[in-house]
Structure formats: structure tokens, C-alpha cells
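Reader: Hi, can you walk me through this protein? I'm new to reading structures.

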Amino acid sequence: HPLLRGRHAQTIYPAYAPHRSPAAPFSSTPLILVDGDQVIVHEDTLLVDAEPPTQIAILLHGLTGSANSPYIMRLWQKLRERGFHVARVDLRGHGAARGLAKYPGHAGRSDDVHAVVEYLLHKYPEATCQLFGVSLSGNITLKLLGEMSQRDDPLLPRVASAVVVSPPIDLVVSAR
């Protein structure tokens, strides 16, 4: 940004900058996981009378975030402007999913994200998806892609791309 020349200012400012709440209507769907816990999938409903989407962006927040975190909302806005159908996810124990989980979320919860991918790609059979994982969800996204590749998951060809931001790949070093 031309007014924020230093990398520290560019990192800190967005956390405190005002952001827009979703202007488009969205629906929230509780997705029940294999162990009975739930995540919440928030989808744009702007396309109710339009053709089904062909590109779905799945936004996954960091450890202390939610589907309404400022960085998720800014990313939501940019992707909507580019024609993506966007699904923001509250992972177990976060945001709207708080209180709906007996078990904690952690870096090994790639099955939770797989359930979201499976749900959305089943709902929209002609679509591909793009995964966006921030921080701990970035780690989970990378873990999921590795697992899908190892087991020749039939959904893997429909994952068109993945972007991860600041994933703590070595969790021990990151915790220190």
C-alpha cells in the first residue's frame, strides 16, 4: 500500500482497519462431522436464481479467528468481486461453531476440512474448489492435500488450487 511503506505497518494495520460485513446474503449450514462435532459453512446466496457456481473458494481462518475475522472478510470481498462463490468456514470451536464441539480443533483436523470440501463439491457437482488456509488452517490445508494425494482421493482433481498464508509447518518450533 502506498501509505504503508514498511512491512510491519502493512501487517499490523489490517488487524485494526474497519472492514465490511457481508453485503450479499449468506446462509449458514451446520456440517456434522464423523465424531458428532460440527463446523459451520457460511455460503453466499447471491446465486439463488443463477446457474450453479463453477468455482468455489473455501476460506479457512487461523487458530484464534473465525469466518468473520477481518482478514477473511477482506479476502471474501476480493473473491466475490472476481466472481467466485465463497464459503467461509467456522472450524470446530470457533465463531458460530463455538459450543458445538466436544473435541478441540488442532493442526491434525484435516478430516474436518475434507468434510467441507466433500459437502460443497457434492452440492455443486460441476464445480472445482480453491482452498485458502491462514496460519493453522494453512497447515491443515497442506496436510489434507498430502493425505488426499496419498490415498488417490477422487475429490483431489476438483481441488483446482490451494493458497496458504503463514502455515506453522514445524509446530514444535512455532510453539517455542
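Predicted model: local features only at pLDDT ≥ 70, side-chain atom pairs only at ≥ 80, totals over all residues.

Reader: OK. In what sense do E1 and E2 pair, and over how many bridges?

Author: They pair in the antiparallel sense, over seven bridges. One example is Phe26, whose bridge partner in E2 is Asp44.

Reader: What is the order of the strands in the sheet?

Author: The order is E1-E2-E4-E3-E5-E6. That makes an open sheet of six strands, with mixed pairing.

Reader: Which are the edge strands?

Author: E1 (26-32) and E6 (159-165). Each pairs on one side only.

Reader: How much are neighbouring strands turned against each other?

Author: By 20 degrees on average, direction ignored.

Reader: Now helices. Which strands does H3 lie across?

Author: H3 lies across E1, E2, E3, E4, E5 and E6. It runs at about 40 degrees to E2. H2 lies across E2, E3, E4 and E5, at about 165 degrees to E4.

Reader: New topic: the largest nonpolar core. Which residues touch the most other members?

Author: Ile58, Val116, Val117 and Leu120. The core has 25 residues.

Reader: And which element gives the most to this core?

Author: H3, with six residues. Another core, of nine residues, lies apart from it, and Phe132 and Ile72 are among its members.

Reader: Why do such residues gather?

Author: In soluble globular proteins, nonpolar side chains tend to be buried together.

Reader: Back to Val117. What is it in contact with, leaving aside neighbours within four places in sequence?

Author: Ile58, Cys129, Leu131, Leu155 and Val159.

Reader: What about Asn139, buried or exposed?

Author: Buried. Its relative accessible area is 11%, and buried means under 20%. Asn139 sits in helix H4, residues 136-150.

Reader: What lies 2.8 Å from a polar atom of its side chain?

Author: The backbone oxygen of Pro168. Asn139 is also in contact with residues including Ala107, Ile169 and Leu171.

Reader: And where is Asn68?

Author: In the loop between strand E3 (55-60) and helix H2 (70-81). Asn68 is partly exposed, at 43% relative accessible area.

Reader: Which side chain does a polar contact join to that of Asn68?

Author: The side chain of Arg88, at 2.7 Å.

Reader: Last one: how far is Asn68 from Ala96?

Author: They are 28 residues apart in sequence. In space they are 9.4 Å apart, C-alpha to C-alpha.

Note on methods. Residues numbered from 1 in each chain as written. Heavy atoms only, no water. Helix = DSSP H or I, 4+ residues; strand = E, 2+ residues; numbered from the N terminus. Buried < 20%, exposed > 50% of the residue type's maximum accessible area, 1.4 Å probe, protein only. Polar contact = N/O pair within 3.5 Å; in protein donor to acceptor, adjacent residues only side chain to side chain. Contact = heavy atoms within 4.5 Å. Core = buried A, V, L, I, M, F, W, Y, C linked by side-chain atoms within 4.5 Å. Pairing = 2+ DSSP bridges. Axes fitted to C-alpha atoms, helices over the stretch in contact; angles between N-to-C directions.
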